[in-house]
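Look over the model below, then read on.

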Amino acid sequence: MKQLVLVGGGHSHLFVLEAAAQGKLPGVELTLVSPEARQVYSGMVPGYLEGRYDLDAISIDLPRIARRIGARFVEDGAKRVETESRTLHLESGGTLPFDAASIAIGGVPTGTTLPGVAHHATFLKPINRVLTLLPKIEETVRNAGPESLRVVVVGAGAAGVEVALTLRTRLDRLGATHSIITLIGASHTVLHDRSRKAAELAEQALDRREITRRMATGVEEIGADYVRLTGGKVLPADLILWTTGTDAPPLFRASGLPTDAKGFLLVDDTLAVPGIPGLFGGGDAVSMATAPKTPKAGVYAVRMGPFLARNLAAHLAGRPLASYTPQDTFLALLNTGDGRAILSRGQLATSGRWAMRLKDRIDRGFMRRFQRLYA
Ligand SMILES: Cc1cc2nc3c(=O)[nH]c(=O)nc-3n(C[C@H](O)[C@H](O)[C@H](O)COP(=O)(O)OP(=O)(O)OC[C@H]3O[C@@H](n4cnc5c(N)ncnc54)[C@H](O)[C@@H]3O)c2cc1C
C-alpha cells in the first residue's frame, strides 16, 4: 500500500476525501492531518455570526469522514516537511512517512506582526477561530452594560464587509442596538478587488446598517481597548476583529520548499511542487507558477480539489497528470445580514433577497455533499 498524507482538511482536501470515499484512490493508505477535528466552512461563517446557522450546519466532522473511508485522522499540525526522506514532522514531535503528500493548509492573516495585534485582535483565520467568537461577543456585550459597545473591524475586503454587517444583526439580537461598528480599510473603497458597482452596493448596505468606514487608513498599533491609526488618531474599541488579507503560512520556508516571493508554496499547473516528486499543494497556501495572480478565495480552493484528487491518484499509479487552469472571474455572494446578499461576477453586481436565497442554496448544497460522507 502507498502512503498518502493530506495536510489540512479544508476546501481543497474535502474533494480528495470524497474521491477516496468513491474508491478513486485504490491501493492507498490515507492519513489526514489537521489541528482541528471540526472543519468550519468559511462561506457560512457570516451567516453563523448573524444567527442564521448553528455550528453543526457550518461544520464538517473530519474524524468521522476518516473513519467512514478507512483513513487515519491525526489531530496535529504539520511543522516541517523533509523531502529527502519524504517525512512529515508534526507539531507534537511525531513523524509521518509518505509516498505522496498534499498540503492545503490555507493562509494566515496579514499584519499580525504590528504591535499588539497578535495579543489583542480576534482573528477569523484559521477559520476555526470562529468557534471562540460568539462567546467573546456575548461576554463583551455583557461587560459593556448600558454603554455603547465599540467594535472595530480591520480589513474591508469581502470578509470584513460581511463580518461587519452580520455582526450588526447579531448585536441587535443581543440588545446592543447602539453599538458603534467601524470598518477600517487600507484601500480607497471597500471590496477593492471587486467591481465598482459591487463596492457601491456594499457601501449602501453599510450605510443602511450605520457602519462607519475609515478608508485609505492603516493601523499602527492596537491595545486591549484601542486601535491607533496611521497619523496617530486613536479609536476606542471593546472588540477588535482582524479580517485582513492572506499571508503565507511559515511551513514552506521552514521546510526549505520552493516558494514564491511571499512564501506561498510554488506549484505548477498540475498542482505538483516542481522538483519534488510526490509533493502537491492546493488552495490559499499555494502560488501557481503559471497563474500567480489567482485570488486567495475558497472558489479556487474548491476548483483545485478534484484536480488534486485526480493527480494524486495518477502520480501514485504512474499515470500522466492533468493540468488545471484557474477561471478568470468568479461568482461572489456576500451576506449583508439583512436577509439580502450582493452578487458579483466580473463587472456585474446586483443585490436582493433572491441572491441570499441563492447563496443559502449553494452553501447548504456544499455542506450536504461532504456531510453525506459520514451521515
Ligand atoms: C469570514 C470569511 C468568509 C469567507 N467567505 C468566502 C466566500 O464566500 N467565498 C470564497 O470563495 N472564499 C471565502 N473566504 C475565503 C476562504 O475561506 C479561503 O479561500 C479558503 O478557506 C481556502 O481554502 P483552503 O483549502 O486553502 O484552506 P482552508 O479551507 O482554510 O483549510 C485549511 C486547513 O488546514 C488546516 N491547517 C492549518 N495549518 C495547518 C498545519 N500546520 N498542519 C495541518 N493542517 C493545518 C486547517 O485547520 C484547515 O483544516 C472567506 C474567508 C473568511 C475568513
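The secondary structure of this chain comes to 10 helices and 25 strands. The radius of gyration is 21 Å, close to the 21 Å that the globule rule gives for 375 residues, so the chain is as compact as a globular protein of that length. This is a predicted model.

## Overall dimensions and packing

Along the principal axes, the C-alpha atoms fill a box of roughly 65 × 40 × 40 Å. Of the 375 residues, 54% are buried. The accessible surface comes to about 16500 Å². Carbon and sulfur atoms account for 50% of that surface. Take the contacts between residues at least 6 apart in sequence: 64% of them join residues at least 24 apart.

Strand β9 spans residues 100–103. Both of its faces are covered. Ala100 and Ser102 lie on one side, Ala101 and Ile103 on the other, and all four are buried. Which strands pair with β9? One is β1 (residues 2–7), which runs parallel to β9 and is joined to it by 4 bridges. Here Val7 stands opposite Ile103. Another is β21 (residues 279–281), which pairs with β9 in the parallel sense over 3 bridges. In β21, Phe280 is the bridge partner of Ser102.

Strand β23 (residues 332–335) is also covered on both faces. Ala332 and Leu334 are buried on one side. Leu333 and Asn335 are buried on the other. The pairing of β23 with β24 (residues 341–345) is antiparallel, over 4 bridges. Leu333 has Leu343 of β24 as its bridge partner. The hairpin of β23 and β24 has 5 residues between the strands. In this hairpin, Gly337 takes a positive phi near 75°.

## Aromatic pairs

How many aromatic pairs does a search of the whole structure find? It finds 6. Two of them are set out here.

| Pair | Geometry | Centre to centre | Angle between planes |
|---|---|---|---|
| Phe15 and Phe370 | edge-to-face | 5.0 Å | 75° |
| Tyr41 and Phe366 | stacked | 4.5 Å | 20° |

The pair of Phe15 and Phe370 links distant parts of the chain. Phe15 sits in helix α1 (residues 11–21), Phe370 in helix α10 (residues 353–371). They are 355 residues apart. Both are buried.

The pair of Tyr41 and Phe366 also links distant parts of the chain, 325 residues apart. Tyr41 is in the loop between β3 (38–40) and α2 (45–50), while Phe366 is in helix α10. Are these two residues buried or exposed? Tyr41 has a relative accessible area of 11%, so it is buried. Phe366 comes to 12% relative accessibility and therefore counts as buried. Ring pairs link Phe15, Tyr41, Phe366 and Phe370 into a cluster.

## Charges over rings

Lys24 lies in the loop between α1 and β2 (28–34). Its C-alpha atom is 8.2 Å from that of Ala309, which is 285 residues away along the chain. Setting aside neighbours within four places in sequence, Lys24 is in contact with Ala19 and Ala313.

## Backbone details

The peptide bond from Lys125 to Pro126 is cis, with omega near -5°. Pro126 lies in the loop between β11 (122–123) and α5 (133–144).

Glu210 has a positive phi of about 55°, although it is not a glycine. The loop that holds Glu210 runs between α7 (196–208) and β14 (211–214). Glu210 has 64% relative accessibility and therefore counts as exposed, the cut-off being over 50%.

Leu271 likewise is not a glycine, yet has a positive phi of about 70°. Leu271 is found in the loop between β20 (265–267) and β21. Is Leu271 buried or exposed? Its relative accessible area is 0%, so Leu271 is buried.

Methods. Residues are numbered from 1 along each chain as its sequence is written. This is a predicted model: local features need pLDDT of at least 70, side-chain atom pairs count only at pLDDT 80 or more; totals for chains, interfaces and linings use all residues. Side-chain values use heavy atoms; hydrogens and water are left out. Rings of Phe, Tyr and Trp (its six-membered ring) pair if their centres lie within 6.5 Å; planes under 30 degrees apart count as stacked, over 60 as edge-to-face and the rest as tilted. Helices (H or I, at least four residues) and strands (E, at least two) are DSSP runs, numbered from the N terminus. Buried means under 20% relative accessible area, exposed over 50%, partly exposed in between (1.4 Å probe, protein chains only). The radius of gyration is taken over C-alpha atoms; the globule rule is 2.2 Å times the number of residues to the power 0.38. Contact means heavy atoms within 4.5 Å. Accessible areas come from the Shrake-Rupley method with a 1.4 Å probe; for residues, only the protein chains shown count as cover. Two strands pair if DSSP finds at least two bridges between them.
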